[in-house]
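Work through the exercises below with the sequence and the structure at hand. Each task is followed by a solution in steps.

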Amino acid sequence: MEQKNKRRFRYVIGLILLLAGMLVLILCNIGIGSVSVPIDEVVKCFAGSQTDATIKGIVWDIRLPRALSALILGGALALSGYLLQTFFHNPIAGPFVLGISSGSKLVVALVMVFLWGGAVKISSGALIIAAFAGALLSMGFVLLLSKRVQNMSVLVISGIMIGYICSAVTDFVVTFADDADIVNLHNWSKGSFSGMSWSNVYVMTVVVLITVIMTLFISKPMGAYQLGENYAKSMGVNIRLLRVLLIILSSFLSACVVAYAGPVSFVGIAVPHLIKSLMGTNKPIWMIPACFLGGSVFCLFCDLIARTVFAPTELSISTVTAIFGAPVVIWVMAGRRKERDE
């Protein structure tokens, strides 16, 4: 009982730290930039007090939607990675590594080039559907390979190859696009939370919130599945249905990210491991909210770095997430190699 209380105490402290970090980073993302906004002015904007119209426009129309987008999409991407790692029992499974993000990028690129190029107005919901279709397409190929390939390294390499194929087809499509479409696609494909509007925030909030709630509902069978398929079956878990749900939910989350922010690398792989180390647990009912908060903090921090370090030049978000996320992946693989050697 004492050990259980210690774990709960550690989890609560971890959640408090994540929430505090998220609030601090939101304020930093709003206040820091080419135009500095003092904290008292930020508070006035939130309180509805009279303030400078220019400051109010910067806070409400530019920086706050961007910060909320990083919060929502970062959490979605981290949770997507956790679901995929649970599905494959694979510590480096993630939407970027398995080619899922590349598949979403391919279908969204097709929509952007051939429909936007044809003067057809595309809604944000349509982009999410297109990205989801691409995610399912890539995941379908990975699942087919997973039935034939049991080796983790080979499966990961297969996912990388699928990503390269999707990227190659995307580049082929771009060669037939108009110059304006090429510019739009290039800016989007670098990955960025810039240019977010409140309508974008509303749609992504609804999609991600519904998906997270559905994920919480399957946390108990996920916990049984983590202990092995035979154990899960003995507990009455429908393995086939659970796998389908894990695929659909993770695809929706990663597709929402790709549709709005473009491909973002390493968040889905690195954050679940960082959260697991912080919380000292891998139980889904605890990891699901913690992973979401961890992804939010990670992306808020990376977006702040991308926006301010070389201002006025802005780095792509994937560049910064790779700098901080890739070492975590190396650390995970080194740790697994050490465990095998021992």
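This is a predicted model: local features need pLDDT of at least 70, side-chain atom pairs count only at pLDDT 80 or more; totals for chains, interfaces and linings use all residues.

## Exercise 1: a glycine in a loop

Step 1: beyond its neighbours within four places in sequence, glycine 99 is in contact with Ser138, Gly159 and Gly163.
Step 2: take serine 138 from that list. Glycine 99 and serine 138 are 39 residues apart in sequence, yet their C-alpha atoms are 6.3 Å apart in space.

## Exercise 2: a serine in a loop

Task: Find the loop that holds serine 265, and decide whether serine 265 is buried or exposed.

Solution. Step 1: the loop runs between α11 (239–261) and α12 (267–279).
Step 1: serine 265 has a relative accessible area of 3%, so it is buried.
Step 2: leaving out neighbours within four places in sequence, its contacts are Phe96, Ser318, Thr321 and Ala322.

## Exercise 3: the nonpolar cores

Task: Which residues touch the most other members of the largest nonpolar core?

Solution. Step 1: this core has 91 residues, and Leu73 and Phe88 touch the most other members.
Step 1: helix α3 (residues 53–88) gives the most to this core, 17 residues.
Step 2: apart from neighbours within four places in sequence, leucine 73 contacts Phe193, Met196, Met204, Cys256, Val257, Tyr260 and Ala261.
Step 3: there is also a second, separate core of five residues, among them Val97, Val156, Ile269 and Val329.

How values were computed: Residues are numbered from 1 along each chain as its sequence is written. Side-chain values use heavy atoms; hydrogens and water are left out. A nonpolar core is a set of buried Ala, Val, Leu, Ile, Met, Phe, Trp, Tyr and Cys residues joined through side-chain atoms within 4.5 Å. Buried means under 20% relative accessible area, exposed over 50%, partly exposed in between (1.4 Å probe, protein chains only). Helices (H or I, at least four residues) and strands (E, at least two) are DSSP runs, numbered from the N terminus. Contact means heavy atoms within 4.5 Å.
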